[in-house]
Amino acid sequence: MSSEFNLIERYFVGRQTQRTDVLLAAGDDCALVEAPTGFSIAISTDTLVSGTHFLPDANPAWVAHKALASNISDLAAMGATPAWVSFALTMPFVDEAWLAPFCDSFFELADQYGIQLIGGDTTKGPLSLTLTVQGFVPKGQALKREGAKVGDEIYVTGSIGDSKAGLDVILDQAQAGRPWAQILEQRHYLSSPRVCVGEALRGIASAAIDISDGVISDLGHILKRSQVGAKVEVEQLPISSQLVEFVAGRDRALQYALTSGEEYELCFTVPEGKREALSHALKDIDCSVTCIGQINSTGNLTLTRNGQTITWQLNGYDHFKSN
């Protein structure tokens, strides 16, 4: 059985090339880092708990990807460039068969985004993962939830709704026989944080958020902080053909797109006058963006379909309720 220190040395130390802005990484009481002049530091912390965010028998490589990607997505939503991560791991016992693929996946994704592990902790208890990510954003250019104005257009990246379908499969294996079930389950775990999009939106987007609790909930946060309303045209929601086939209908797929949590796509607003600037900024980035509606002064979120108001009774994702 490995001790805590042997565990850290074996699985977490020496796995990455040292960033030049990391003066001292894991192995001391604190890490020491150096922020570049003219930048602010963006910081986000998330916890993933076995049984709430993933099942105990979930693929550990997928769990690692989900844990880190969800945190990197927070940086993307503020236009920040990832730099460092701290990681606290709680396990009931040292399970090296679980740790090996977990760490391989964790460091593969970390290296992909240029983010270095600089410290953390391990302890005994129910399986949970807590990550704190930090990144840089030029001073005064961070994207925030406030700032949307009347007339701004509302956009989302990628396609949305697949994560909820994947969660259906995870929670009910009777769904595994449905079309595309395995692909959608994989998409639930293996999101792609939109860091390049977030960086490109600096100076263009008026407000932004990542979609972790569903479009309805997360766009609602922008509306509340910006003190505006919005109209969303549901037929403009970007949904995959796999989702439509899995749920056996376009209506149901559109409802999934509105309520699906843990998508980690971006939802953002852009003034109409910056539409061309948006197109230019994203032209070399391999990520689709779709306009789904417009900000208005009503103070409410209205759903329309082909221009007609609809009254679907929908709620966003909530970790403390069954979905």
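This is a predicted model: local features need pLDDT of at least 70, side-chain atom pairs count only at pLDDT 80 or more; totals for chains, interfaces and linings use all residues.
Residues are numbered from 1 along each chain as its sequence is written, and side-chain values use heavy atoms, without hydrogens and water. Local features need pLDDT of at least 70 and side-chain atom pairs pLDDT 80 or more, while totals for chains, interfaces and linings use all residues.

Q: What is the order of the strands in the open sheet?
A: Strands of a sheet pair through backbone hydrogen bonds, either parallel or antiparallel. Strands here are DSSP runs (E, at least two residues; helices are H or I, at least four), numbered from the N terminus, and two strands pair if DSSP finds at least two bridges between them. The four strands have the order β3-β6-β4-β5, with mixed pairing. β3 (39-49) and β5 (116-124) are at the edges with a single partner strand each, so one side of each lacks a neighbour in the sheet.

Q: How many bridges join β4 to β5?
A: Eight, and the two strands run parallel. Tryptophan 84 is opposite glutamine 116 in β5.

Q: Which residues have the most contacts inside the largest nonpolar core?
A: A nonpolar core is a set of buried Ala, Val, Leu, Ile, Met, Phe, Trp, Tyr and Cys residues joined through side-chain atoms within 4.5 Å; buried means under 20% relative accessible area (1.4 Å probe, protein chains only). In this core of 54 residues they are Phe12, Leu68, Leu99, Phe102, Leu129 and Phe268. Helix α2 (residues 60-77) gives the most to the core, with nine residues.

Q: Which residues does a second, separate core include?
A: Among its 35 residues are Ala207, Ala230, Val232 and Ile310.

Note on methods:
Buried means under 20% relative accessible area, exposed over 50%, partly exposed in between (1.4 Å probe, protein chains only).
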